[in-house]
Amino acid sequence: MAADFPYARTLIVVRSQRTIKKTGATSTESRYYLCSAQAQQYTPAGWHQLIRGHWAGVEIRNHWRRDVLMGADRSRSRKANLLANLALIRNALLYGLAQEFHDSSQPQVREALQSNLKRCLALISSL
């Protein structure tokens with residue numbers, strides 16, 4: 001199988017099966033991962049741990065910042081378009097904050113912006 005990724009050496013397929021207790025309905029999902037490492041470099045358990053560790057770190061970092069800093073989980077809306085648009089806005093703001101305050105901690109950023117409306121508006125308009 002050929003992939004248009006010049007450094008891809010291994011294709012990993014993870015198949016997950018879940019059963020909804022309430023209905024008894026079962027579904028199977030396949031997820032595909034490309035990696036530059038050779039297939040023999042890890043055992044199946046090692047590949048699994050590598051994949052879970054990578055995505056857990058991504059989820060923890062991004063989810064924490066969106067939730068704690070911007071209250072993403074407090075939204076009660078179930079409208080997909082609204083939630084997607086708010087997520088895009090939050091991600092753009094996090095990107096802007098990272099560019100503007102690349103050497104500052106989150107509490108330092110919050111303190112710098114909380115009483116400076118002009119700076120907040122300038123940051124938002126620069127996105």
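The model is predicted, so local features need pLDDT of at least 70 and side-chain atom pairs count only at pLDDT 80 or more, while totals for chains, interfaces and linings use all residues. Residues are numbered from 1 along each chain as its sequence is written, and side-chain values use heavy atoms, with hydrogens and water left out.

**Exercise 1.** Locate leucine 34 and state which nonpolar surface patch includes this residue.

Solution. 
- Step 1. Leucine 34 belongs to strand 2.
- Step 2. Its relative accessible area is 42%, so leucine 34 is partly exposed (buried means under 20%, exposed over 50%, partly exposed in between; 1.4 Å probe, protein chains only).
- Step 3. Patches take residues with over 30% relative accessible area and no salt bridge, joining like charges within 9 Å and nonpolar side chains (Val, Leu, Ile, Met, Phe, Trp, Tyr) within 5 Å. Areas are from the Shrake-Rupley method with a 1.4 Å probe, and for residues only the protein chains shown count as cover.
- Step 4. Phe5, Leu11, Val13, Tyr32 and Leu34 make a nonpolar patch of about 490 Å². At least two of the patch residues come from each of strand 1 (10–19) and strand 2 (26–35).

**Exercise 2.** List the residues of the largest nonpolar core and the elements that give two or more residues to this core.

Solution. 
- Step 1. A nonpolar core is a set of buried Ala, Val, Leu, Ile, Met, Phe, Trp, Tyr and Cys residues joined through side-chain atoms within 4.5 Å.
- Step 2. The largest such core holds seven residues: Ile12, Val14, Tyr33, Cys35, Ala37, Trp47 and Ile51.
- Step 3. Strand 1, strand 2 and helix 1 (44–70) each give two or more residues to this core.
- Step 4. Another core, of five residues, lies apart from it and includes Phe101, Val109, Leu113 and Leu123.

**Exercise 3.** Find the salt bridges in the whole structure and describe the accessibility of arginine 119.

Solution. 
- Step 1. The criterion is a side-chain nitrogen of Lys or Arg within 4 Å of a carboxyl oxygen of Asp or Glu. The search returns two salt bridges.
- Step 2. One joins arginine 31 to glutamate 29, at 2.9 Å from N to O. Arginine 31 is partly exposed at 30% relative accessibility, and glutamate 29 is partly exposed at 46%.
- Step 3. Arginine 119 pairs with glutamate 100, with 3.5 Å between the closest N and O atoms. This pair links distant parts of the chain, 19 residues apart: arginine 119 is in helix 4 (residues 117–126) and glutamate 100 in helix 2 (residues 80–100).
- Step 4. At 31% relative accessibility, arginine 119 counts as partly exposed; glutamate 100, at 43%, is also partly exposed.

**Exercise 4.** Describe the surroundings of leucine 94, leaving aside neighbours within four places in sequence.

Solution. 
- Step 1. Leucine 94 lies in helix 2.
- Step 2. With a relative accessible area of 8%, leucine 94 is buried.
- Step 3. Beyond those neighbours, leucine 94 is in contact with Arg65, Arg66, Leu69 and Met70, where contact means heavy atoms within 4.5 Å.
- Step 4. Asparagine 62 is 32 residues from leucine 94 in sequence and 9.3 Å away in space, C-alpha to C-alpha.

How values were computed: Helices (H or I, at least four residues) and strands (E, at least two) are DSSP runs, numbered from the N terminus.
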